[in-house]
Every structure is written in C-alpha cells, then in structure tokens.
Amino acid sequence: MYNDKVLDHFDNPRNLGIMENPDAVGTGGDPNCGDYVELFLKIEDNIITDVKYQVNGCPGAIATTSVYSELIKGKHLEDAAEITDVDILEALDNGLPEEKMHCSYLGGKALHAALINYILN
Ligand code: FES
Ligand code: FES
C-alpha cells in the first residue's frame, strides 16, 4: 500500500531526533488518529538552517515528516510556510494510500505552530 520511496523514508527517517537549544518548537497533531509531530528549528536570518523532529505515529506520519524536513531545511521561513501537503505527497511520488493522505498535514501544522511561537518570542 506504500510505494518504495515512502518505505525508504519510514525505514530511514531523515533528520529524526531532538535538538539542543532550538530557536523554535511546535507540535502538530491529528485528534482522530492521535498521531503527532514535534518539530525543532534552528533559524538564522529567517532561514531554517537545521531541522529535527520527534514523531509518534504511523508509517505515513513518519515518512511525510521525514520528507517534509528535507523540503523545509535551508528555506526562508516564508517559503517553508508555503509548502503544502500536495508538495509533500509529490515529493513521495504520491506513494500514500487515500486513507493516509492526512498524515502529510502533521509536519506543516507543527511548522506553523513553531513559527507562531518564534514570532511571539
Ligand atoms: Fe495514526 Fe497509524 S498511527 S493510524
Ligand atoms: Fe493519522 Fe498517519 S494515520 S497521521
């Protein structure tokens, strides 16, 4: 039900881990399935210079957060904030089944929460 690219990110999640002294932290969850992502960012001159995350969830949540971390790393905050779930699914060659599409929202929710915390701090 998952394609090889999704399985690769699930088996070997990129940028997985906890960050010491992050500049911003945000969480995103799905109340229906209970999955959630906690995202840690290093930010310099409005560029995301490093990304780490913890994820509690299904293979879809792990793979989409992994590829999302690659997509936002090195990006300007505004550009990162504009990445959509469609971009994430495309980056995984659309290898998620229909019932797992919502998994791709978690990283984005966490990023938007982190950016709000960052701006308010
Ligand atoms: Fe969300 Fe699998 S963990 S349903
Ligand atoms: Fe809900 Fe994966 S099943 S995020």
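## Helix H5 across the sheet

Helix H5 lies across strands E1 and E2 and runs at about 145 degrees to E1, where axes are lines fitted to C-alpha atoms, for helices over the stretch in contact, and angles run from 0 to 180 degrees between N-to-C directions. Helices (H or I, at least four residues) and strands (E, at least two) are DSSP runs, numbered from the N terminus. The model is a predicted one, in which local features need pLDDT of at least 70 and side-chain atom pairs count only at pLDDT 80 or more, while totals for chains, interfaces and linings use all residues. Residues are numbered from 1 along each chain as its sequence is written, and chains are lettered from A and ligands numbered from 1 in the order in which they are written.

H5 comprises 16 residues, 105-120, and spans 23 Å from its first C-alpha to its last, close to the 22 Å expected at 1.5 Å a residue, the expected span being 1.5 Å times one less than the number of residues. Its buried residues are Tyr105, Leu106, Gly107, Gly108, Ala110, Leu111, Ala114 and Leu115; a residue is buried if 20 or more other C-beta atoms, placed from the backbone, lie within 10 Å of its own, exposed if 12 or fewer, and partly exposed in between. These buried residues pack against E1, E2, helix H2 (59-72), helix H3 (77-81) and helix H4 (85-91).

## Gly107

Within H5, Gly107 is buried, with 28 other C-beta atoms within 10 Å. Leaving aside neighbours within four places in sequence, Gly107 is in contact with Gly28, Val37, Leu39, Thr64, Thr65 and Tyr68, contact meaning that the C-beta atoms, placed from the backbone, lie within 7 Å. The C-alpha atoms of Gly107 and Val25 are separated by 12 Å, although the two residues stand 82 apart along the chain.

## The three-stranded sheet

The sheet is open, with three strands in the order E1-E2-E3 and antiparallel pairing; two strands pair if DSSP finds at least two bridges between them. E1 and strand E3 (47-56) are the edge strands, each pairing on one side only, and neighbouring strands are turned by 20 degrees against each other on average, direction ignored. H2 packs on this sheet, touching E2 and E3, and its direction makes about 175 degrees with that of E3.

Six bridges join E1 to E2 (residues 36-44), with Tyr36 of E2 as the bridge partner of Gly29. In the hairpin of E1 and E2, which has six residues between the strands, Gly34 takes a positive phi near 85 degrees. E2 and E3 pair over nine bridges, and Val37 stands opposite Val55 in E3. In E1 (residues 24-29), Ala24, Gly26 and Gly28 form the covered face, whereas Val25, Thr27 and Gly29 form the uncovered one.

Helix H1 (residues 4-11) and H2 pack at an angle of about 85 degrees, with their axes 8 Å apart. H1 is therefore roughly perpendicular to H2, a term that covers angles of 65 to 115 degrees, while those under 35 count as roughly parallel, those over 145 as roughly antiparallel and the rest as oblique. Val6, His9 and Phe10 of H1 meet Pro59, Ile62, Ala63, Ser66 and Val67 of H2 in this contact.

The axes of H2 and H5 come within 8 Å and cross at roughly 50 degrees, which makes H2 oblique to H5. Here the contact is made by Ala61, Thr64, Thr65, Tyr68 and Ile72 of H2 and by Leu106, Gly107 and Leu111 of H5.

Terms used
Contact = placed C-beta atoms within 7 Å.
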